[in-house]
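Hi,

Here is the structure I promised to pass on.

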Amino acid sequence: MRMANFRSSYGARRLALGVFLSVLLGFFLLPHQLQTLFQEIGGPVGWVLSWPIRLVASVQGGIGETWSHYVALQDVEDENRQLRKELELLQGQNSQLREAASATDRLTALLEFKAQALPTMIAAQVIGRDTGNWYRTILLNKGSADGIQADMGVVTSAGVVGRVVKTTMATAVVLLVSDPNNAIAGLIQRTRDEGIVEGTTPGLARLKYIPLLSNVRAGDRVVTSGLVGGFPRGLAIGTITTISKEEGALFQSAELRPEVDVNRVEEVLVIQSPYIPGEDGKSDGPLPKAKP
C-alpha cells in the first residue's frame, strides 16, 4: 500500500513539474500567445496568470529595444569614425589646394613683373632663413651655376628684398634690406632727395643723410636711386614713418617701413643687370615701376 502511494505521489510530482516547466518555457518562448490564451480563457485565474506573462513580455520587449538601440549606436559610432577620417582627408586636401592657389598667385605676380621689367632676371625660391642674431639673410635655391653673383639686387613684384652677398654653385645668400649691415642708395620719390637706406636692429629700415633743408614728411615713399649698387632706379624700398632731426647734425634721418615683408617672402627675382639695353644694345634705362 505504501509502495502504491509512493509511486502515485512521485508520478504526480513529475506531472506537476512537467506542467510547470512547459508553462515556464511557454512564458519565455511564446509570451504573447499565452497571454492571449489566458485572456480568452478569462476569469480570475486567467487574469492572475496573465500578469507574469505581461511582465515577461515587457522584459523581453525592453531587452529587444535596448539591443536594437545598442546596435544602432554601434553603427552610428562606426559612421562617425569614418566621417572623421574623411573630414581629416578633406582638410588636408583643402590646405594643399590653398597653398597651391597662394603659390600660383605669387608666381603670377612675379612673372608679370618680370615680363614688364628686365629680361635678365632670374627667378629663385627661398629655401632657408638665418634665424640667428648676427645677420638677417635668406638662402636661395640658385647660385653661380645659374649666373648669380655677389652684389646683385634681389626683388619681388612689391619692391626690394636685399642683395646677394655670397654664392655657391647651387645656392645664394641674400642680405635682407632690414639688416643693419646692408646699405642701398635710396631716393625720396616726392622731394627727389637722396640718401642711404640701412637696416635697423628691430628689423625695419632707416634713410640716412637726408639734407637738412629737405621738406621730407611721414608717408613719403622711398625708392632705389639707381646710382650705385645692383638696383635700377625706381624700385620701392619703403615708406617713411618718422623723421629725426638732431640739433647740430648735418643731416636728417627717417625711419622706414619696408615695402616687402622679408620674413614671409618665398619667391624672388635676382637682377643680373640693373639696366635695360636700348635698341642699339648700349643705352640704359630704368625699370618699370614695381606694383605697390
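Which residues line the second largest pocket? They are Lys208, Tyr209, Ser244, Lys245, Glu246, Ala249, Leu250, Phe251, Gln252 and Ser253. A pocket here is an open set of points on a 1 Å grid over the protein atoms alone, where a 1.4 Å probe fits, with protein on both sides within 12 Å along at least five of seven lines; lining residues have an atom within 4 Å of a point.

Before the rest, some housekeeping. This is a predicted model, with local features needing pLDDT of at least 70 and side-chain atom pairs counting only at pLDDT 80 or more, while totals for chains, interfaces and linings use all residues. Residues are numbered from 1 along each chain as its sequence is written, and side-chain values use heavy atoms, with hydrogens and water left out.

The overall picture

The protein chain has 3 helices and 12 strands (DSSP runs numbered from the N terminus: H or I of at least four residues for helices, E of at least two for strands). It runs to 292 residues, and 32% of them count as buried. For that label, buried means under 20% relative accessible area, exposed means over 50%, and partly exposed is in between, with a 1.4 Å probe and protein chains only. Taking contacts between residues at least 6 apart in sequence, 56% join residues at least 24 apart; contact means heavy atoms within 4.5 Å. The chain exposes about 18300 Å², with carbon and sulfur atoms supplying 59% of that area (Shrake-Rupley, 1.4 Å probe; for residues, only the protein chains shown count as cover).

Back to the pockets

The second largest pocket has a volume of about 160 Å³, a volume being the space filled by probe spheres set on the points, with grid points joined across faces, edges and corners. Strands β8 and β11 each supply at least two residues of its lining, and β11 gives the most, with 3 residues. By class, this lining has 4 nonpolar, 3 polar and 3 charged residues. The classes go like this: Ala, Val, Leu, Ile, Met, Phe, Trp, Tyr, Cys and Pro are nonpolar, Asp, Glu, Lys and Arg are charged, and the others, Gly among them, are polar.

The largest pocket comes in at about 210 Å³. Its lining has 14 residues, and Arg106, Thr156, Ser157, Val265 and Glu267 are the ones nearest its centre. Helix α3 is the top contributor to that lining, with 4 residues.

Aromatic pairs

Rings of Phe, Tyr and Trp (its six-membered ring) pair if their centres lie within 6.5 Å; planes under 30 degrees apart are stacked, over 60 edge-to-face and the rest tilted. That rule gives 2 aromatic pairs. In one, the rings of tryptophan 67 and tyrosine 70 have centres 5.6 Å apart and planes at 35°, so the pair is tilted. Both residues sit in helix α3 (residues 43–116), 3 residues apart, which is about one turn of the helix. Tryptophan 67 is exposed at 55% relative accessible area, whereas tyrosine 70 is partly exposed at 43%.

In the other, the rings of tyrosine 209 and phenylalanine 251 have centres 5.6 Å apart and planes at 90°, so this pair is edge-to-face. It links distant parts of the chain, with tyrosine 209 in strand β8 (residues 205–211) and phenylalanine 251 in strand β11 (residues 251–258), 42 residues apart. Tyrosine 209 is partly exposed at 42%, and phenylalanine 251 is partly exposed at 42%.

Backbone and single residues

Most residues other than glycine have a negative phi, and most peptide bonds are trans. Tyrosine 209 has a positive phi of about 65° although it is not a glycine. Aspartate 151 also has a positive phi, about 75°; this residue lies in the loop between β2 (137–140) and β3 (153–155) and is partly exposed at 49%.

Valine 161, in strand β4 (residues 160–167), is buried with a relative accessible area of 0%. Beyond its neighbours within four places in sequence, valine 161 touches residues including Ile138, Leu175, Val260 and Val268.

Serine 225 lies in the loop between β9 (221–224) and β10 (236–244) and is buried at 6%.

Cheers
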